[in-house]
Amino acid sequence: MIPAGARVWIAMGHTDMRKGMQGLALLVQGLKRDPHGGDLFVFRGRAGSLVKLIWHDGIGMSLYAKRLEKGRFVWPSAKDGVVSLTASQLACLLDGIDWRNPQYSWRPQSAG
């Protein structure tokens with residue numbers, strides 16, 4: 001669950017997934033953001049099937065990693081910078097869904 005008021009930022013391009021919390025926090029600083037400010041930062045590896053998220057909750061830094069068994073995480077095509085996501089878009093991204101244009105697989109039926 002994303003804390004209220006926290007923003008989600010995804011880093012454009014690909015990141016060396018050998019990096020841990022400190023290395024990713026340095027990348028956040030290179031993007032002119034504060035890695036200790038309470039926002040979530042998401043990074044994707046070159047192959048596209050692994051993401052890492054870092055988040056500082058005011059007490060300590062957390063690192064979350066997810067690898068898709070099939071498919072790739074949908075990522076913007078720009079080489080550098082960051083993009084802000086909503087909590088819902090992050091949930092789609094982590095499920096391997098195209099967060100830029102999510103589609104319902106069913107249509108609600110009218111109650112009439």
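Two remarks on conventions come first. The model being predicted, local features require pLDDT of at least 70 and side-chain atom pairs count only at pLDDT 80 or more, while totals for chains, interfaces and linings use all residues. Residues are numbered from 1 along each chain as its sequence is written, and side-chain values use heavy atoms, with hydrogens and water left out.

Let me begin with the sheet. Five strands form an open sheet with mixed pairing, in the order S4-S3-S2-S1-S5. The edge strands, each of which pairs on one side only, are strand S4 (61-67) and strand S5 (82-85). On average, neighbouring strands of this sheet are turned by 25° against each other, direction ignored. Here strands (E, at least two residues) and helices (H or I, at least four residues) are DSSP runs, numbered from the N terminus, and two strands pair if DSSP finds at least two bridges between them. Axes are lines fitted to C-alpha atoms, for helices over the stretch in contact, and angles run from 0 to 180 degrees between N-to-C directions.

I turn now to strand S2. How many of the five residues of strand S2 are buried? Five of the five residues of S2, residues 40-44, are buried, so the strand is largely enclosed by the rest of the structure. Buried means under 20% relative accessible area, exposed means over 50%, and partly exposed lies in between, using a 1.4 Å probe and protein chains only. Both faces of S2 are covered, with Leu40, Val42 and Arg44 buried on one side and Phe41 and Phe43 buried on the other.

S2 and S1 run parallel and are joined by three bridges. The chain passes from S1 through H1 to S2, and this β-α-β crossover is right-handed; that is, with the strands pointing away from the viewer, the path from the first strand over the helix to the second runs clockwise. Isoleucine 10 stands opposite valine 42 in S2, and tryptophan 9 has phenylalanine 41 of S2 as its bridge partner.

Tryptophan 9 has a further feature. The charged end of arginine 33 sits over the ring of tryptophan 9, 3.9 Å from its centre. The criterion is that NZ of Lys or CZ of Arg is within 6 Å of the ring centre and within 35 degrees of the ring normal.

Next comes strand S3, residues 50-56, which pairs with S2 in the antiparallel sense over five bridges. Phenylalanine 41 has isoleucine 54 of S3 as its bridge partner, and leucine 40 has tryptophan 55. The hairpin of S2 and S3 has five residues between the strands, and in this hairpin glycine 48 takes a positive phi near 90°.

S3 is mostly covered, with six of its seven residues buried. Is tryptophan 55 buried or partly exposed? Tryptophan 55 counts as partly exposed, because its relative accessibility is 25%. Apart from neighbours within four places in sequence, tryptophan 55 is in contact with residues including Pro3, Asp39 and Met61, where contact means heavy atoms within 4.5 Å.

On to S4, which runs antiparallel to S3 and is joined to S3 by seven bridges. Valine 51 stands opposite lysine 66 in S4. The hairpin of S3 and S4 has four residues between the strands, and here glycine 58 takes a positive phi near 100°.

What, then, lies across the sheet? Helix H2, residues 87-94, lies across S1, S2, S3, S4 and S5, running at about 110° to S5. The buried residues of H2 are Leu90, Cys92, Leu93 and Leu94, and what covers them includes S1, S2, S3, S4 and S5. Just after H2, glycine 96 takes a positive phi of about 80°.

Two loop residues remain. Threonine 15 lies in the loop between strand S1 (8-11) and helix H1 (21-30), and counts as buried because its relative accessibility is 7%. Among the contacts of threonine 15, leaving aside neighbours within four places in sequence, are Leu24, Leu27 and Phe43. Lysine 32 is found in the loop between H1 and S2. Lysine 32 is exposed, with a relative accessible area of 74%. The phi of lysine 32 is near 65°, a positive value in a residue other than glycine.
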